[in-house]
Amino acid sequence: MRKYKEKELREVELTNLVCNQCGKELLVEEGILKEGCFSIEYAFDYFSNKDGYIYSFDLCEDCFDKLIKGFKEPVEITETKEFL
């Protein structure tokens, strides 16, 4: 879950980020997230029971690791060569 504060000229700055699973507050300094975080925003569409709803949440790295360890099929992991 993310919290923002309004700045001048309709800008916003990240002030707080909490893992939706465990409640851990992640480190945010001067609007910059300084820890790993898995964020998702998903809009369900036709043929689902959640059609028209948008779900969004954030997970800390520990909760993300616990989540993917429970998958029946392993996650495909590739290494990036360059950070933008």
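Buried means under 20% relative accessible area, exposed means over 50%, and partly exposed lies in between, with a 1.4 Å probe and protein chains only. By that rule lysine 24, at 35% relative accessibility, counts as partly exposed.

The model shown in these views is predicted, so local features need pLDDT of at least 70 and side-chain atom pairs count only at pLDDT 80 or more, whereas totals for chains, interfaces and linings use all residues. Residues are numbered from 1 along each chain as its sequence is written, and side-chain values use heavy atoms, with hydrogens and water left out.

**View 1. The open sheet of three strands has the order β1-β2-β3 and antiparallel pairing.** Strands are DSSP runs of E with at least two residues, helices are runs of H or I with at least four residues, and both are numbered from the N terminus; two strands pair if DSSP finds at least two bridges between them. In general, the strands of a sheet pair through backbone hydrogen bonds, either parallel or antiparallel. Here β1 (2–6) and β3 (25–26) stand at the edges, each with a single partner strand, so one side of each is left without a neighbour in the sheet. Five bridges join β1 to β2, and two bridges join β2 to β3. Leucine 17 of β2 is the bridge partner of arginine 2, and leucine 17 also stands opposite leucine 26 in β3. Valine 18, in turn, has glutamate 25 in β3 as its bridge partner. In the hairpin of β2 and β3, which has six residues between the strands, glycine 23 takes a positive phi near 85°.

**View 2. The largest nonpolar core has eight residues.** A nonpolar core is a set of buried Ala, Val, Leu, Ile, Met, Phe, Trp, Tyr and Cys residues joined through side-chain atoms within 4.5 Å. The members here are Leu14, Leu17, Cys19, Leu26, Val28, Leu59, Cys60 and Cys63. The elements that give two or more residues to this core are β2 (12–18) and β7 (54–60). Cysteine 19 touches Lys24, Leu26, Asp58, Leu59, Cys60 and Cys63, where a contact means heavy atoms within 4.5 Å and residues up to four places away in sequence are not counted.

**View 3. Glutamate 13 is found in strand β2.**

View 4. A salt bridge is a side-chain nitrogen of Lys or Arg within 4 Å of a carboxyl oxygen of Asp or Glu. In one of them, the side chains of lysine 24 and glutamate 35 meet at 3.0 Å, N to O. Lysine 24 lies in the loop between β2 and β3 and glutamate 35 in the loop between β5 (32–33) and β6 (37–43), so the pair ties together parts that are 11 residues apart in sequence. Glutamate 35 is partly exposed, at 29% relative accessibility. A salt bridge also joins the side chains of glutamate 29 and lysine 34, at 3.2 Å, N to O. Glutamate 29 is partly exposed at 39% relative accessibility, and lysine 34 is partly exposed with a relative accessible area of 46%.

**View 5. Glutamate 30 and phenylalanine 47 have positive phi values.** Most residues other than glycine have a negative phi. Phenylalanine 47, which is found in the loop between β6 and β7, has a positive phi of about 70° although it is not a glycine. Glutamate 30 counts as exposed at 76% relative accessibility, and phenylalanine 47 counts as exposed at 89%.

**View 6. Leu67, Phe71, Val75 and Ile77 form a nonpolar patch on the surface.** Patches are made of residues with over 30% relative accessible area and no salt bridge, in which like charges are joined within 9 Å and nonpolar side chains (Val, Leu, Ile, Met, Phe, Trp, Tyr) within 5 Å. Together these four residues have about 370 Å² of accessible area, as given by the Shrake-Rupley method with a 1.4 Å probe, where for residues only the protein chains shown count as cover. Leucine 67 lies in helix α1 (residues 61–69) and is partly exposed, with a relative accessible area of 40%.
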